[in-house]
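Good morning, and thank you for coming.

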Amino acid sequence: MKFTKMILTMVFVCLFAIGYQTSTTSAATWHAGTPTALQGKWQQKSSNHDGNHAYYNKVSITKESLETTYFGGMPDLFTHIKWHKVSHNTYVLHAQRFIDGYQHKIHRLTIKRISHNRMYMHLDGHTYFSSRHHLFNRY
């Protein structure tokens, strides 16, 4: 009798453990839109190669898009955004870039928020927008 009760208890514990494991959620879930922690207007002071002309690279992040203006050129618009949080204050965004119509390439933007008002951003793994020495500041 004791042996049967012990077997039934072990079966119940195993079934409970299996059921508990399947109900946990994945931290790598992709979400639509942009993270609220990144939304707002950001700018970065830059200068040309000889240092005579200073300008601001700007990034505007809304709920559904990300618009960048850098090197004084035309703005780039990223939409159809999906994101997930990689680690503390580091986000990966997958987005389509609008250049005379949507292209099929999905760009990867990695954004690390250093503090509430400072961040840096990489496009497709390159420090194209900023590096640790040239951070974006919220304005």
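Is R113 buried or exposed? With a relative accessible area of 16%, R113 is buried; here buried means under 20% relative accessible area, exposed means over 50%, and partly exposed lies in between, for a 1.4 Å probe and protein chains only.

Before I continue, a word on the source. This is a predicted model, in which local features need pLDDT of at least 70 and side-chain atom pairs count only at pLDDT 80 or more, while totals for chains, interfaces and linings use all residues. Residues are numbered from 1 along each chain as its sequence is written, and side-chain values use heavy atoms, with hydrogens and water left out.

Let us return to R113. This residue belongs to strand 7, residues 102–115; strands are DSSP runs of E with at least two residues, helices are runs of H or I with at least four, and both are numbered from the N terminus. Leaving aside neighbours within four places in sequence, R113 is in contact (heavy atoms within 4.5 Å) with A37, L38, N89, R118, M119 and R138. At 3.2 Å, the R113 side chain reaches the backbone oxygen of A37. R113 and T90 lie 23 residues apart in sequence, yet 6.4 Å separates them in space, C-alpha to C-alpha.

N89, one of the contacts of R113, sits in the loop between strand 5 (76–87) and strand 6 (90–98). N89 is likewise buried, at 14% relative accessible area. Beyond four places in sequence, its contacts are I111, K112 and R113. The side chains of N89 and H88 are joined by a polar contact of 3.3 Å. That term denotes a pair of N or O atoms within 3.5 Å; within protein, one must be able to donate a hydrogen and the other to accept it, and residues adjacent in sequence count only if both atoms are side-chain atoms.

I turn now to the aromatic rings. How many aromatic pairs does a search of the whole structure find? The search finds 1. The pair is W83 with Y91, edge-to-face, at 5.8 Å centre to centre and 65 degrees between the planes. Rings of Phe, Tyr and Trp (its six-membered ring) pair if their centres lie within 6.5 Å; planes under 30 degrees apart count as stacked, over 60 as edge-to-face and the rest as tilted. W83 is buried at 15%, and Y91 is buried at 5%.

Finally, strand pairing, which requires at least two DSSP bridges between two strands. Strand 2 (residues 40–47) pairs with strand 3 (residues 54–61) in the antiparallel sense over 8 bridges.
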